Amino acid sequence: MVEEKPQIVLPGERLCVLEEFLSGKGTRVSADGVVFATVVGRVKFDRNKREVHVEVIKELDNITVGDIVLGEVRELQSKSAMIRILGKNGRLLKHQRVAALLAKPGSKESLGHYVSVGDVILAKVTSIISGLLNVSIWEPGLGVIQAICDNCGSTMTNVKKDKYNVYCPKCRKFDTRKMCAHHGNEKRLYSWLGLMT
Ligand SMILES: [Zn+2]
């Protein structure tokens, strides 16, 4: 039996194993049969179909310069990353937008030193040119809220070891991220989704 509760999940979050529920919309299966979420949304376990899916939570809004946005890193190159914007100023967007995140000004490190594909980030909109959004995470209150392991797709935990600040409990990889300098990141995210109790 799986507990039936409105649970909000993030991309990369483990939902169940294939033996329990099949992979539906908004999920994917790893090589070893674990079902993960691929979107931010509400988990639904359908007992009749024996299927789990994730419903994207949507809300309409426009984006302007200065907005704080919630985004997911989709593609990563050494000097830029493609971010899918999920929400802004505490609300989720109805129509998701794409933005570019540029490397830290003056840094010799590639962007991969600070973010990885699948990470959920808080960023600020710095410019909008011909509809193309640019965002920044280089202020202290901005950065990665949830780090996703680039090796196995699991959610990483905060750690302090040598130069590393995140750790994957599944494959034991240490890595670096530009973390959002606030504690209680999960609470922050739940607040974003309007679920603060
Ligand atoms: Zn891992």
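How many bridges join β15 to strand β16, and in which sense do the two run? Select β15 together with residues 174–175, which make up β16: 2 bridges join them, and the strands run antiparallel. Strands here are DSSP runs of E with at least two residues, numbered from the N terminus; two of them pair if DSSP finds at least two bridges between them.

The model is predicted: local features need pLDDT of at least 70, side-chain atom pairs count only at pLDDT 80 or more, and totals for chains, interfaces and linings use all residues. Residues are numbered from 1 along each chain as its sequence is written.

Stay on β16 and pick Asp175; Val166 stands opposite this residue. Next, show the 6 residues between β15 and β16 in their hairpin, where Arg172 has a positive phi near 65°.

Select Lys161 and its bridge partner in β15, Tyr164. The β14–β15 hairpin has 2 residues between its strands, and Asp162 in the turn takes a positive phi of about 50°.

Move on to the open sheet of 3 strands, ordered β2-β5-β4 with antiparallel pairing. Colour β2 (14–17) and β4 (27–29): they stand at the edges with a single partner strand each, so one side of each has no neighbour in the sheet. Neighbouring strands of this sheet are turned by 25° against each other on average, direction ignored (axes are lines fitted to C-alpha atoms, and angles run from 0 to 180 degrees between N-to-C directions).

Finish on β4 and β5 (residues 34–37), antiparallel strands joined by 3 bridges. Here Thr27 stands opposite Ala37 in β5.

Key
Helices (H or I, at least four residues) and strands (E, at least two) are DSSP runs, numbered from the N terminus.
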